[in-house]
Every structure is written in C-alpha cells, then in structure tokens.
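The sequence and structure come first.

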Amino acid sequence: MVAKKLTGGQIVCEALLNEGVDVIFGLPGGAILPFYGELSKYPKLRHVLVRHEQGAAHAADGYARSTGKVGVACATSGPGATNLITGLATAMMDSAPIVAITGQVGRAAIGTDAFQETDITGATLPVTKHNYLVMRAQDIGPTIHEAFHIARTGRPGPVLIDIPKDVFQEVAEYDFARDRIINLPGYNVRTTAIESQVEKAIELINEAERPAILAGHGVLISQAFDELRELAEKAEIPVVTTLLGISSFPEDHPLFVGFPGMHGLAYASLTLDESDLIVAIGSRFDDRIVGDPRRFAPNAKKIQIDIDPAEINKTLVADAPVIGDVKAVLRQINPKVKSTKHTAWVQRVEHLKAEHPSLKIRETDELLGQHVVRALSDVTKGDAIICTGVGQHQMWAAQHYKFTHANSWFSSGGLGTMGYEVPSALGAQIGNPDRLVWSICGDGGFQMTLMELATAVENKLPVKYAILNNNHLGMITQWQGLFYDGDYQAETYSGNPDFVKLAEAYGIKGIRVTRQDQLEAAIREANEHPGPVIVDFVIEKVDNVYPMIPAGQSVNELIEDPL
Amino acid sequence: MSNSTNGASGFMQRTIIALVQDRPGVLARISGLFRRRGFNIASLAVGRSERPGLSRMTFVVEGPAHVVQHVAAQLDRLVEVVEVQDITEKNIVWRELALIKVEASPHTRSEILELAGIFRVNVVDIGANSLTMEITGGRSKINSLIELLRKFGVKEVIRTGRVATLRGALSEGQEDGAFDGLQDEVSHYYTPTAGDSGSV
C-alpha cells in the first residue's frame, strides 16, 4: 500500500480502524477538537459520548474485560485528561487493556501553563503500563500501533497517548504496513514457560495429596477456561477462585469451592489453609487473600503461574514459579499431569463446606443485600454479566451470585474504585449486545458516576442497575463498628435522592423493592424491559459482611457470621 | 573487598545497572519506581552504551535488599528497559570520578600538590586562590582525599556517581561477575531464571 498524506487526526482514525476498533468512549474539548473534526469521515468508528471522562475510562475498561479487545477512551487536555486518571489506575491494577488518547495544548504552548494544560504523561506515569507524548504527526501511526501492542500483550494494561492540538492538524504520511512494525528491544512477551519450570510444577502437582487451585484474573484474561477445567478434572483438584478470578470456573461444578480471603467464604480460606499445594494460576497473591504471609497456608507448597515476573515472590516465596501465559502454560502442564483422584481430600473440602455455611442468610423479615443477590442469581440462572464497584454490595455479589457463564464478573478488585459499576456496565453491554448486564451498585458508588445514566439513555443500552440502598457507606460503617469502637463518622447518606424518581427524570424505568416477596417479580420486570432500569432495593440500614478475616490476619482470626 | 556500604538511611547501598532505550522520559519512569517507595538514589550515572539507541545507567540506591530487588524486577517490566541487574553481590569493578576545588594560597599550594601526587590525581585547573583536581577511583579513595583536603578549605566537590560493570570471567565456562571459587550469594527473593525474558 502506498503511504497516504493525512492530517494527524485522520491518522489516528485510520490507525484505530486498523487495530480493529469499533467504539470510542470520550468527551471532546478544545485541544482534541481537530480529532473530533475528522470523526464524521470515519462512520465505522462509533463514538459514545460520556458525561464525565472517568466514565469513558471505566466504560472502555468494561468493554475490554468483557470482550478481550482493547478499549479506547479519549479526552481533551487538562481537566479532561486528569479526569481519566481514576479509570486508568483502575485498569492498571486489574490488568485491563485500554488505550487512552488525550489532546494536549499546541506544541509551542507546552510547559507554559497554557489554558487547560496538564503534564498528563507525567501525571499518569505510575498508573499506566506505558505512555507517550507524540510531537510529530508522522509518529502518530507507529505510536498507536505500538500502544495497542503493549496494551493487549503480556500482562495487559492501560496506555496513554498525548497528542498536541497542532499535531492533530499537521499533515504526514501514514502507511500501515510500515507503521505497524514494532521495535521494542526491552519488551519481550513470554507465552510458553521454560521447560524446567513446567517440569517442577508437574512434579509438585503429581506428588500432592491435598492440592488446591487458586484461579485468578489471569485465567479470564488468557481465556484459559477449558484448560483450567481440564487440569481440575484430570487431577481432581478443588478450585478456589480469587475475587477477580470469579467466573473462571463454573460455580455449579462439583470441584468449585468459592473465593477466599478477607470477605471470602470460610471454607474457601480453610481449603487453602489445609492444602499441601496451592496451584496459583494468574493470581498475584493479593494482600486481601494472603493476610499475614507468614501464616498463610503454612503447609502448602506454592506453584505460581504468572506472565509477569515482577509478581513472582512479591508477597510470598513460590516453590515453583512458572513464568508464561496462563493458557499456554496449562497446555504445557496438563498432558503430563497424572489422571488421579483425591477422594479423601475432596470429601474433606465438602465437609468444610458443610461445617462452615458461609452462604447461609440469617432469618429475618428485613430485606438484606444477600437476598437481592441471591434472587438475581436465581432469576438470571447465573448467566448475566455482573459489574460492581467496591464495598459491601461487591462482597455480597461475589459471595451469592452463582456464575455459570465464563468471563462474566467485572469488578474493581485492585484499586477498589467506587463508581466503577455504572460506566463499566455500559462498556460491557456495548461489547455484548445480546447479553443481560446487571450492574450491582451501592448507593454510595452509584452517586459517584450516576451521570452516565444519560449515556445509557442516549445509546439505548439496556443495563439494569440494582442499587443495594442502605443510606450508608456500608463497609465504612462495618469497619467503624468493628475496628474504631463504634465511633461512626461520615458514614450515613441522609441526603439520597429518590432513585425511582431519578430514573423517571432520566426517562428510564424505576422500580422500588422493600420486601423479600417482591424480589422475583421486580427482577423479572427489569429483565423483560427493553431499556435501562434502576431497581432501588431498600435494604437493612446496618448489616455486616461475613465471614471476615481482619486485614493482615490469618484464618485463625476468621470471624464467621454471628447468626 | 566489599562494594557495599551503609548509606545515610542506614540501609546497605545497592548497585543496579540497567540498559535502557534512549527515549524521553525513561529516567522519570525509572526514578519514579524508587520514589514510590521513598528510596533515596545515592548516585546515578547515565550515558550512551555500545549499542546504538541504548543507554546504560548505574544506580546506587539505599533500601532493604529484598525490596530493592523487587524494584529491580519492576524496572525490568518497564517497556523501555532492556535489561536490569542488581549486581551488589556480584564480582564487579566500579569507578567514580570527582572534581575537587580546594582553596590554595601560595603557602599551601605545594603541600596540596604533594598530596595530589601521592593520590596520583590530575590537577586540571589552577587559579589565584584555588586549584581543581580530578580523581578517579572507588568511593573510599575519593572520600579519603576529600578528608585530607578539608584543612585547606574544600570549596566544591562534584562527583559523577558510580559506574560499574561485572568483572570478566576468570576461567572458561564461568560467567562474568562470578567470584572465583566462591558460592555466589543469590537472593531467595527474586531470582530470575535463565531464559526468562524478563519484561512483559
């Protein structure tokens, strides 16, 4: 193909199309207007106008996690770009591939404190996998192709490209065949692991008497669902999923255990604790799982399969680190794993489940958050996409929704971002137009990003919002009650709006549920409604999430639900 | 011979060498990973390497060994970092260059020049009231000279910071940087495996 003479803005569009982009989440401003000026020439690039740039980043993140493709967000210079930062940090912590394109002030004005100028490449250094300031239009094409390569390969993550206004306007040549050539001597992505690491892991698996798999987010990212299941079934290994590993393994499978850790199920934490081998697959042994590293699963050897060498031996020492892509590594391991039974061990895990009924809901006439999630799970048969933010609603969703469909759980696990649930669900819905998407929200997080309801309306996105509304920052209330002598401060939301009227104000359906016997009908009504819905579930004002292992502790300090 | 001394923070100084792409912002990315942990960079030397487009950096940082080695692993993860090594426990050769400007009156000049001779340093500038000498060597040699010059009045000290490389292998089959006949002290914390590409 001959090189084409194009404006910088046109090069951005052509390069995005060549990367397979079909949707961009963004909000314009002065510095990025030359790019928006070209968009009408590229009708295949759908632009979704958000109401706040944080929403653009989270929507791109939800789109990326739910499709495995790179999500694209764009924003203008200064405040537009800084508004992206929470979304970029969220994506960085949870390894979501995003490319963010920001406008910058003109080249001559850079560094002069010009109107709407921020050093956004400086500001985003610690929250991006990589970033660029592009100072010549001829560099736009190669930069975009390199950025997509970095965002989606290895351990995925967000990449930001900052382009000055006059670079969008400058004319240069773009040649996809030439500009797609990547030259990054310091960036080598390993797929298969080296043989000696694989052999060591196989040896440990074949020797173990009480093995447990700890399936993490890496299984979802690598789409290694079949390989995980093959390993679990072949060697009869119970599967514990991390918080972000939820939906990596069918929850109706007999070997499924649940998620462990701070608010995980007691029997999942105890399964790890009693095991003699943990096969961590795409998990970084997060502090919410490990607690006190010296007392975490003390009798278990640890295999750690991870594509990122910097995660090996970070919180605990792995007996057998295996560096590579989860799917490729499991394909190396599975054929050599002995087909075996661990009958006594599996029975022990079943016994732990029976002894520690972490999912039992206490008897009450009140409507509890657990009731809502349980009903959502039952009515949707565990088949919906679920997005959550952070807090009690997130933990109840993780505990009580029984996922049967792979890659269906998108939650802000690492950064713990309130408000992630509202825009990420829009991105997930755009990426999966035929699936039912429920965003489970707290009333706190919902109010951080509810302006994106307008985006749902405008783009006819039939996301269902379940607000677990207790007029409290529930997890804050819980911690102040447990760890700050009941000194409750800044935890009550007495000024909440009427969420049903709010729905009506946006022209969308609103339903209020206050009793357990209304749950099923309301959820069915929401599911059947063709557009977006807000269901205001008015739940008990103060309720704690159990089980709980206090921060930095071990299973010995586990607090079961004092029913 | 130890190449590690305790720095101002009380932690042992560790020497890290990195080969990086010569692009704007690389230094900020690298220093950011140390800043994030509150580490002081005791010295830093950067220059073009033997490979076009790549620069070599030598850092001396102060921090607990296992944390510095984890930072080294995170450095390796940076897109523009081609390779990185914590060489503190390796057999290395290192040098530092300093320019020392010292007060020198007609009375003291000869004594200072005598000292310069003993230390085999070059005098690179002489003014009416001062002279400047150039010294190359290890940290303790430079420190000793500065101490001895203090009584004359040290006006300025300009140090480049350490540059370091692994000593060449002493026999066939041995790796550069290995101690002859000694078991290399290998960290249990971060042990990159042979063939590990390092960066993702």
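The sections below take up chain A and then chain B.

## Basis

The model is predicted, and local features are described only where pLDDT is at least 70.

## An open sheet in chain A

Six strands of chain A make up an open sheet with parallel pairing, in the order β16-β15-β17-β18-β20-β19. The edges are held by β16 (409-411) and β19 (509-513), each with a single partner strand, so one side of each has no neighbour in the sheet. On average, neighbouring strands are turned by 20° against each other, direction ignored.

Within this sheet, β15 (residues 385-388) and β17 (residues 437-442) of chain A run parallel and are joined by four bridges. Opposite Ile385(A) stands Val437(A) in β17(A). In a regular strand, side chains alternate between the two faces of the sheet.

## Helices against the sheet

Helix α18 (residues 392-400) lies across β15, β16, β17 and β18 (464-469) of chain A, and runs at about 135° to β17(A). Helix α24(A) lies across β18, β19 and β20 of chain A, and its angle to β19(A) is about 170°.

## The α17/α24 contact

Two packed helices are described by the angle between their axes and the distance between the axes. For helix α17 (residues 369-379) and helix α24 (residues 519-528) of chain A, the axes come within 10 Å and cross at roughly 55°. The two helices, α17(A) and α24(A), are therefore oblique to each other. The crossing of α17(A) past α24(A) is right-handed.

On the α17(A) side the contact is made by His371(A), Val372(A), Ala375(A), Leu376(A) and Val379(A), which meet Leu519(A), Glu520(A), Ile523(A), Arg524(A) and Asn527(A) of α24(A). By class, this contact between α17(A) and α24(A) has six nonpolar, two polar and two charged residues. An α-helix has 3.6 residues a turn, so residues three or four places apart point the same way.

## A covered helix: α5 of chain A

How many of the nine residues of helix α5 (residues 85-93) of chain A are buried? Eight of the nine are buried, and the helix is mostly covered. The buried residues of α5(A) are Ile85(A), Thr86(A), Gly87(A), Leu88(A), Ala89(A), Thr90(A), Ala91(A) and Met92(A).

The elements covering the buried residues of α5(A) include α3 (53-67), β4 (71-75), α4 (79-83), β5, α6 and β7 (158-164) of chain A. Just after α5(A) comes Ser95(A), with a positive phi of about 55°.

## Backbone exceptions in chain A

Gln116(A) is not a glycine, yet has a positive phi of about 55°. Gln116(A) sits in the loop between β5 (98-104) and α6 (120-123) of chain A. With 17 other C-beta atoms within 10 Å, Gln116(A) is partly exposed. Ala297(A), also a residue other than glycine, has a positive phi near 40°. The loop that holds Ala297(A) runs between α14 (287-290) and β13 (301-306) of chain A. Ala297(A) has 25 C-beta neighbours inside 10 Å and counts as buried, the cut-off being 20 or more.

The peptide bond from Tyr546(A) to Pro547(A) is cis, with omega near 0°. Pro547(A) belongs to the segment after β20 (533-538) of chain A.

## Chain B

Chain B contains four helices and nine strands. Starting at the N terminus, its elements follow the order β-α-β-β-α-β-β-α-β-β-α-β-β. Of its 200 residues, 32% count as buried. Among contacts in chain B between residues at least 6 apart in sequence, 72% join residues at least 24 apart.

Strand β6 (residues 122-126) of chain B has five residues and the number buried is zero, so β6(B) lies largely in the open. β6(B) pairs with strand β7 (residues 130-137) of chain B in the antiparallel sense, over four bridges. The two strands, β6(B) and β7(B), are joined by a hairpin through three residues. Asn122(B) has Glu134(B) of β7(B) opposite. Ser144(B) is part of helix α4 (residues 139-149) of chain B, and is partly exposed, with 14 other C-beta atoms within 10 Å. Ser144(B) and Phe119(B) are 25 residues apart along the chain, and their C-alpha atoms are separated by 9.7 Å.

Definitions and conventions. Residues numbered from 1 in each chain as written. Chains lettered and ligands numbered in written order. Predicted model: local features only at pLDDT ≥ 70, side-chain atom pairs only at ≥ 80, totals over all residues. Axes fitted to C-alpha atoms, helices over the stretch in contact; angles between N-to-C directions. Parallel < 35°, antiparallel > 145°, perpendicular 65-115°, else oblique. Left-handed = near helix turned anticlockwise from the far one by under 90°. Contact = placed C-beta atoms within 7 Å. Nonpolar A, V, L, I, M, F, W, Y, C, P; charged D, E, K, R; others polar. Buried ≥ 20, exposed ≤ 12 C-beta atoms within 10 Å, placed from the backbone. Pairing = 2+ DSSP bridges.
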